[in-house]
Amino acid sequence: MNAEERDLQLYPIVPENLIANSKTISDLQSLSSSLLGIAAGILGLESYTGFLFYLLGTLFVSTLIVTFVMGGKPEVYSRGGWKDVIAADVTGGVMGFVLTWTLFFGLVRV
Amino acid sequence: MARSLPSKLLIAFSSILLAHACYSAHEHSLLSTTAAAAHDSSSSSPHSATITSGSTLPLDITLETLLSVSLLLVGIVSSGWELKPISLRSYAGGVESGKILVDGKKGKGLFVGLEERAGFADIRKQRKEFTDWMKTQGRVE
């Protein structure tokens, strides 16, 4: 029995809540990344600037989630703590971001 | 997810602001393209100006976009998303004390099935009662 298994035996978790929480967070981040895409499209950002904007935006959203939704205690609601929240936030919404980014870039500028 | 009134207002206000910023950016790109085209119609190269003209946005539209999006994000994030604690200890404690509602009502704890089962039958007492009853029956007959 390694350290992680031992930890799980000592402090059991509720898998349903883990799944529900990650679903809520992924809902939030897909919504917010689409909004960031709208902003990037309106601002007319191109290539690396746009992705830098996305990175900064998701960091902002992660901070908001940790502060408002989790009440400043991310380790209560997700296994990895705030690192997990940021990682899920940055990787999960890129597709939605690019979608609305290109859409609004085309809408505003053509 | 129950949205509170301030976050609703914030979402509505910043959506309008974002729509306005989008419209302004669109109008600005239209205006600068047509102006540049009119200005460049006399000169020899009409294409070079139209390509570069739409790239700069006025500062007020940029600021409006950034402000509206950050307000919108704040409004969405603060509109009553609920997470449940993942550790069994705190979740079970919350359910038992009524701090965490299960399906919108107060639960009785995670182990209610074990706590509220029927007790053991006292078979000696039941046998004694049956014997007494049998004796009374026998006396009557």
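Good morning. Between chain A and chain B there are zero salt bridges, where a salt bridge is a side-chain nitrogen of Lys or Arg within 4 Å of a carboxyl oxygen of Asp or Glu. This is a predicted model, in which local features need pLDDT of at least 70 and side-chain atom pairs count only at pLDDT 80 or more, while totals for chains, interfaces and linings use all residues. Residues are numbered from 1 along each chain as its sequence is written, chains are lettered from A and ligands numbered from 1 in the order in which they are written, and side-chain values use heavy atoms, with hydrogens and water left out.

Let me turn to the interface. In contact here (heavy atoms within 4.5 Å) are 34 residues of chain A and 29 residues of chain B. The size of an interface is often given as the accessible area lost when the parts come together. For chain A and chain B the buried area is about 2,900 Å², and carbon and sulfur atoms give 80% of that. Buried area is the accessible area (1.4 Å probe) that two parts lose on being put together, summed over both. On the side of chain A, the residues that lose the most area to chain B are L35(A), I42(A) and L43(A), together 19% of what that side buries.

Which helices of chain A each supply at least two residues to this side? They are α2 (15-43), α3 (47-69), α4 (74-77) and α6 (94-109). Helices here are DSSP runs (H or I, at least four residues), as strands are (E, at least two), numbered from the N terminus. The largest share, 14 residues, comes from α2(A). By class, the side of chain A that touches chain B has 26 nonpolar, five polar and three charged residues; Ala, Val, Leu, Ile, Met, Phe, Trp, Tyr, Cys and Pro count as nonpolar, Asp, Glu, Lys and Arg as charged, and the others, Gly among them, as polar.

Is N17(A) buried or exposed? N17(A) is buried, with a relative accessible area of 3%; buried means under 20%, exposed over 50%, and partly exposed in between (1.4 Å probe, protein chains only). Leaving aside neighbours within four places in sequence, N17(A) is in contact with K84(B), P85(B), I86(B) and Y91(B).

Side chains of opposite charge can pair when their charged atoms come close. In the salt bridge of R79(A) and E4(A), the N to O distance is 3.9 Å. This pair links distant parts of the chain, 75 residues apart: R79(A) is in the loop between α4 and α5 (82-92) of chain A, and E4(A) is in helix α1 (residues 3-10). R79(A) is partly exposed, at 46%.

The next pair is D27(A) and K23(A), whose closest N and O atoms are 3.5 Å apart. Both lie in helix α2 of chain A, four residues apart, about one turn of the helix. D27(A) is partly exposed at 32%, whereas K23(A) is exposed at 52%.

In chain B, K128(B) and D132(B) meet in a salt bridge at 3.9 Å, N to O. These two residues lie in helix α6 (residues 123-140) of chain B, four residues apart. An α-helix has 3.6 residues a turn, so residues three or four places apart point the same way. K128(B) is exposed at 56%, and D132(B) is partly exposed at 35%.
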